[in-house]
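This briefing sets out selected structural features for computational work. The structure is shown first, and the notes follow by topic.

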Amino acid sequence: MKRRTIASGCLILAGVVYFGIFGRASKSFRGFSHYTIDELDEPSGLASSGQNKGVFWTHNDSGAEPILYATRVDGSLIGRFRIEGAKAVDWEAIATDRRGNLYIADVGNNGNWRKDLTIYRVLEPTIDHRNKKVLEGSLMVESSIQFHYPEQKRFPDLQAFNFDSEAVFWGESSARPDGALYLLTKHRSDAFTCLYRLDMTPGPKSIPLNLIGRYDLALGGGEKGLVTGAAMRADGTLLAILTYFGIFIFQKPIEGDNYLSGFKHKIDFDTDLTQQTEAIAWSGPTLIFSNEQGDLFRVENPLVQRRVPSSKEAP
């Protein structure tokens, strides 16, 4: 999600002004690595490959070409793939499933005015992260699904700037044993996030999302909420939700698919150091997340660590 800064140090997001979210970043702490891709100006999504060990997928934010980048965990480039048949209005997130699919979420809706929110599904190519030559290729869109929030009646809704999303994940539960794609909303009028399920029926018409649950991020010290990413661990047991201010971890529900019902742990950020965090993924038991500036951060013990940077990492 792009933002505009002005001299007074406030941030303007969809007409709402926030003061003092991010300070000046410390030069002595930049995470464990940094993307080395020149054209990746504003990395937005992040997903661990479901088919290729050691491979992660990312992409630019709005205003860029419809290209996916395959990278290693350290941010070095393995390959770039143009997505044929897709537009890139405001790509915000990417997810994978167990069947070899990639889901590209063109769901950015900062102004709450869009009526063309779209999920693109492409088949994940086979990639070896040990390749030294950068791969160049293209992937065809297998299907696309337009959707809408059934609760939204006005475009934009000036009373509730809550119909934006930057977080998607694939989950398998007792309610959906074969799996389903889920979205989490990014609110600007309150500190909540809403969990929606997308029951995918490809076709020309927009389909309504199904509201599954809500969570008040302020309960865990989430300040203004502002969800920017989500990732399901490969074994399907833990959901990590990224905000500007920290990471919330939830346990998979025993019954149903309300993944927001089982809060387990919270990791706080020193936002002067982490800056504007945008995307998150699991790498085995470890969490990897990135910021708009292209820095990559690692949390080795997500259920134990309570702050980023940890006391050992702090400058």
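**Salt bridges and exposure**

D199 counts as partly exposed because its relative accessibility is 26%, where buried means under 20% relative accessible area, exposed over 50% and partly exposed in between (1.4 Å probe, protein chains only). The model is predicted, so local features need pLDDT of at least 70 and side-chain atom pairs count only at pLDDT 80 or more, while totals for chains, interfaces and linings use all residues. Residues are numbered from 1 along each chain as its sequence is written, and side-chain values use heavy atoms, with hydrogens and water left out.

*Ion pairs*

- A search of the whole structure finds 16 salt bridges, a salt bridge being a side-chain nitrogen of Lys or Arg within 4 Å of a carboxyl oxygen of Asp or Glu.
- D199 forms one of them with R176, and the closest N and O atoms are 3.6 Å apart.
- D199 lies in the loop between β15 (192-198) and β16 (207-208), and R176 in the loop between β13 and β14, so the pair ties together parts 23 residues apart in sequence. Helices (H or I, at least four residues) and strands (E, at least two) are DSSP runs, numbered from the N terminus.
- R176 counts as partly exposed, with a relative accessibility of 30%.
- R98 forms a salt bridge with E172, with 3.2 Å between the closest N and O atoms.
- That pair links distant parts of the chain, 74 residues apart: R98 is in the loop between β9 (91-96) and β10 (101-106), and E172 is in the loop between β13 (165-171) and β14 (180-185).
- R98 is exposed at 54% relative accessibility, whereas E172 is partly exposed at 25%.
- R298 and E300 meet through their side chains in a salt bridge of 3.3 Å, N to O; R298 is partly exposed at 32% relative accessible area, and E300 is partly exposed at 44%.
- Salt bridges with shared partners join R176, R197, D199 and D257 into one network.

*Sheet*

- Five strands form an open sheet of mixed pairing, in the order β18-β19-β20-β21-β25; two strands pair if DSSP finds at least two bridges between them.
- β18 (227-232) and β25 (307-308) are the edge strands, each pairing on one side only.
- β18 runs antiparallel to β19 (residues 238-243), and five bridges join the two.
- The bridge partner of M232 in β19 is L239.

*Nonpolar cores*

- The largest nonpolar core has 20 residues, and those with the most contacts inside it are I119, F147, L181, L183, L198 and L209. Such a core is a set of buried Ala, Val, Leu, Ile, Met, Phe, Trp, Tyr and Cys residues joined through side-chain atoms within 4.5 Å.
- The elements giving two or more residues to this core are β9, β10, β12 (135-148), β13, β14 and β15, and β15 gives the most, with three residues.
- Leaving aside neighbours within four places in sequence, L198 is in contact (heavy atoms within 4.5 Å) with I119, I145, F147, L181, L183, I207 and L209.
- Another core lies apart from the largest one and has 18 residues, among them I83, I94, Y120 and V122.

*Largest pocket*

- The largest pocket is lined by 36 residues, of which S48, T96, M232, R233 and A234 lie nearest its centre. On a 1 Å grid over the protein atoms alone, a pocket is an open set of points where a 1.4 Å probe fits, with protein on both sides within 12 Å along at least five of seven lines, and lining residues have an atom within 4 Å of a point.
- β5 (43-48), β9, β13, β18 and β22 (277-283) each supply at least two residues of this lining.
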